[in-house]
Amino acid sequence: MTTGRANGFPPRRRGMRVAHVLLALGALGAVLVVAALVVLLRPAGPRPHFQLPVACGEHWQLGTYPGHDDYDVDLFPMDGEVWGRPVLASYGGRVTVAGINGSLGGRTPEDPDGPRGRGGGYWVKIDHGGRWETQYLHLLEPPMVEVGQRVAQGEQIGLVGSTGNSGAPHLHYEQRRGWQKVETYFDGVPSGITHDDSEYTVTRTSNNCVAGRP
């Protein structure tokens, strides 16, 4: 004999309960979407006082070339060995990425002409608050920091290398406001690297001398 019940509730009441759950989930999803849009559309905060991501007093060449992409900066030291130079946080913040972008390839100090990889190789992203972010690519080895870790300005996060799609050891660096790349500023001075329609280089001296606060 059938009773017209399942799990102790009439079918109609069960259906109403499911409908209420679905409505609640839909409302929660809408709230989350609105919250995400508020965060994304919120104006960026003031530009942090970024420093060159290299040791205090060192002289580095900043450059770009056709096809490099707008605002991207490649850094090469003006003297000394390139491989393994310390890469420092340009400003304090929280690490959001510390791993591999693309594939590593096989270029090392022992085999500098080894096969190229893809993408940025070993890399780090740091969230500085106010929707500002920096990225550091082509590191020699796994980053010295972990996701979620807070770092101070001037704290070492890796070593200069040539992993990923890199033709020679260097540091590829970006500053981003929201999701958009912008011209890099160091010690309050614009780098002059904006578009990649022609080759451009400039020399700067690092003032990343005293560890600041994240």
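This is a predicted model: local features need pLDDT of at least 70, side-chain atom pairs count only at pLDDT 80 or more; totals for chains, interfaces and linings use all residues.
Mentor: Residues are numbered from 1 along each chain as its sequence is written, and side-chain values use heavy atoms, with hydrogens and water left out.

Trainee: What makes Cys56 and Cys209 a disulfide?

Mentor: A disulfide is a pair of cysteine sulfur atoms within 2.5 Å. The sulfur atoms of Cys56 and Cys209 are 2.1 Å apart, so the pair meets the cut-off.

Trainee: Why is the disulfide of Cys56 and Cys209 called right-handed?

Mentor: The torsion about its S-S bond is about 80°, so the disulfide is right-handed. Cys56 sits in the loop between helix H1 (11–41) and strand S1 (59–64), and Cys209 in the segment after strand S13 (200–205), so the pair ties together parts 153 residues apart in sequence. Helices (H or I, at least four residues) and strands (E, at least two) are DSSP runs, numbered from the N terminus.

Trainee: Are Cys56 and Cys209 buried, exposed or partly exposed, and how do you know?

Mentor: Buried means under 20% relative accessible area, exposed over 50%, and partly exposed in between (1.4 Å probe, protein chains only). Cys56 has 42% and Cys209 has 37%, so each counts as partly exposed.

Trainee: Why is the contact of Glu58 with Arg85 called a salt bridge?

Mentor: The term requires a side-chain nitrogen of Lys or Arg within 4 Å of a carboxyl oxygen of Asp or Glu. For Glu58 and Arg85 the closest N and O atoms are 3.5 Å apart, so the pair qualifies. Glu58 lies in the loop between H1 and S1 and Arg85 in the loop between strand S2 (73–77) and strand S3 (86–88), so parts 27 residues apart in sequence are tied together.

Trainee: What makes Arg85 buried?

Mentor: Its relative accessibility is 12%, so Arg85 falls under the limit for buried.

Trainee: How many salt bridges does the whole structure hold?

Mentor: The search finds 6. Among them, Arg176 and Glu174 have their closest N and O atoms 3.0 Å apart. Glu174 is buried, at 5% relative accessibility. Salt bridges with shared partners also join Asp69, Asp72 and Lys181 into one network.

Trainee: Which salt bridge has both of its residues, Glu133 and Lys125, at what distance?

Mentor: Glu133 and Lys125 meet at 3.8 Å, N to O, and both are buried.
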